[in-house]
Amino acid sequence: MSQSARASAWESSPMAGRSPDGCIQKPAISASGDRSGTHSPGSAPFHGDCLEGLASGPAIAARAGAPAETLSPNDPVWAPVADALAEAMANLLLTLSCERIVIGGGVGVGQPHLFDKIRAGTVAKLAGYLPGMDRHAVARTIVPAALSSDAGPLGALLLADQHPSNRR
């Protein structure tokens, strides 16, 4: 059998995702979930379509041609952003068994409409794999940063206060 015939047969087999020798292969799907091959290449300077390159403020601006804060909550640019973030959330839950995932930054704090999309996408991607991680549990687990844009400076102050050189 020719190599191209083996590859074609392999792609339709139930073992797709593993090569005939058993090695795991990179899936034919982008990090944003786009199977069409027409997804945005991302804007991260080192990795392209990593999470930062797909869901950060600069990535959204590059994809939409306008800053994220100027876009309507109904703009279609939010679908791949929410999908990329949902993929990350599902991976965090599956890998680390997180009790809480706090999303901050300009996108997390500035776009509250994304949370319902991220949570729904996370539940769909988990596909029942984690018992009890339904939409209600995901809503309690994936939350916006409570300190909003003050989280970074307040966290730095807390760390400085806890530094051994500040203990009397």
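This is a predicted model: local features need pLDDT of at least 70, side-chain atom pairs count only at pLDDT 80 or more; totals for chains, interfaces and linings use all residues.
The protein has 8 helices and 2 strands, and along the sequence they are arranged as α-α-α-α-β-α-α-α-β-α.

**The overall picture**

- The protein has 168 residues, and 27% of them count as buried.
- Its accessible surface amounts to about 11000 Å², with 58% of that belonging to carbon and sulfur atoms.
- If you take the contacts between residues at least 6 apart in sequence, 49% of them join residues at least 24 apart.

**Helix H4**

- H4 covers residues 78-96, and its 19 residues should span 27 Å at 1.5 Å a residue; the C-alpha atoms at its ends are 26 Å apart, which agrees.
- The buried residues in H4 are Trp78, Val81, Ala82, Ala84, Leu85, Ala86, Ala88, Met89, Ala90 and Leu93.
- These buried residues pack against helices H2 (51-55), H3 (57-64), H6 and H7 (135-141), and also against strands E1 (101-103) and E2 (142-144).

**Salt bridges**

- The structure holds 3 salt bridges, and Asp83, Glu87 and Lys125 are linked in a network of them.
- Asp83 pairs with Lys125, with the closest N and O atoms 2.9 Å apart. Since Asp83 lies in helix H4 and Lys125 in helix H6, this pair ties together parts that are 42 residues apart in sequence.
- Glu87 also forms a salt bridge with Lys125, here with the closest N and O atoms 3.3 Å apart. This pair, too, links distant parts of the chain, with Glu87 in helix H4 and Lys125 in helix H6, 38 residues apart.
- Arg119 and Asp116 meet through their side chains in a salt bridge of 4.0 Å, N to O. Both residues lie in helix H6, 3 residues apart, or about one turn of the helix.
- Arg119 is buried, at 16% relative accessible area, whereas Asp116 is exposed, at 58%.

- Most residues other than glycine have a negative phi, which makes the next two residues worth a look.
- Ser97 sits in the loop between H4 and E1, and this residue is exposed, with a relative accessible area of 57%.
- Ala127 likewise has a positive phi near 50° without being glycine. Ala127 belongs to the loop between H6 and H7 and counts as exposed at 65% relative accessibility.

- Gln111 lies in the loop between helix H5 (105-110) and helix H6 (114-126), and it is buried because its relative accessible area of 7% falls under the 20% cut-off.
- A polar atom of the Gln111 side chain lies 3.5 Å from the backbone oxygen of Ala68. Beyond its neighbours within four places in sequence, Gln111 contacts Ala68, Glu69, Trp78 and Gly106.
- Thr141 is part of helix H7 and is buried, with a relative accessible area of 7%. Its side chain reaches the backbone oxygen of Ala137 at 2.7 Å.
- Leaving out residues up to four places away in sequence, Thr141 touches Leu93, Cys98, Glu99, Arg100, Ile101 and Met133.
- Ala59, in helix H3, is buried with a relative accessible area of 3%. The C-alpha atoms of Ala59 and Gly42 are 6.1 Å apart, although 17 residues separate the two along the chain.
- Not counting residues up to four places away in sequence, Ala59 touches Ser43, Glu52, Gly53 and Leu54.

**A nonpolar patch on the surface**

- Leu147, Leu154 and Leu157 form a nonpolar surface patch, and together they have about 290 Å² of accessible area.
- Leu154 is in helix H8, residues 151-162, and counts as partly exposed at 40% relative accessibility.

Notes
Residues are numbered from 1 along each chain as its sequence is written. Side-chain values use heavy atoms; hydrogens and water are left out. Helices (H or I, at least four residues) and strands (E, at least two) are DSSP runs, numbered from the N terminus. Buried means under 20% relative accessible area, exposed over 50%, partly exposed in between (1.4 Å probe, protein chains only). A polar contact is a pair of N or O atoms within 3.5 Å; within protein, one must be able to donate a hydrogen and the other to accept it, and residues adjacent in sequence count only if both atoms are side-chain atoms. Contact means heavy atoms within 4.5 Å. Patches are made of residues with over 30% relative accessible area and no salt bridge: like charges are joined within 9 Å, nonpolar side chains (Val, Leu, Ile, Met, Phe, Trp, Tyr) within 5 Å. Accessible areas come from the Shrake-Rupley method with a 1.4 Å probe; for residues, only the protein chains shown count as cover. The expected span of a helix is 1.5 Å times one less than its number of residues.
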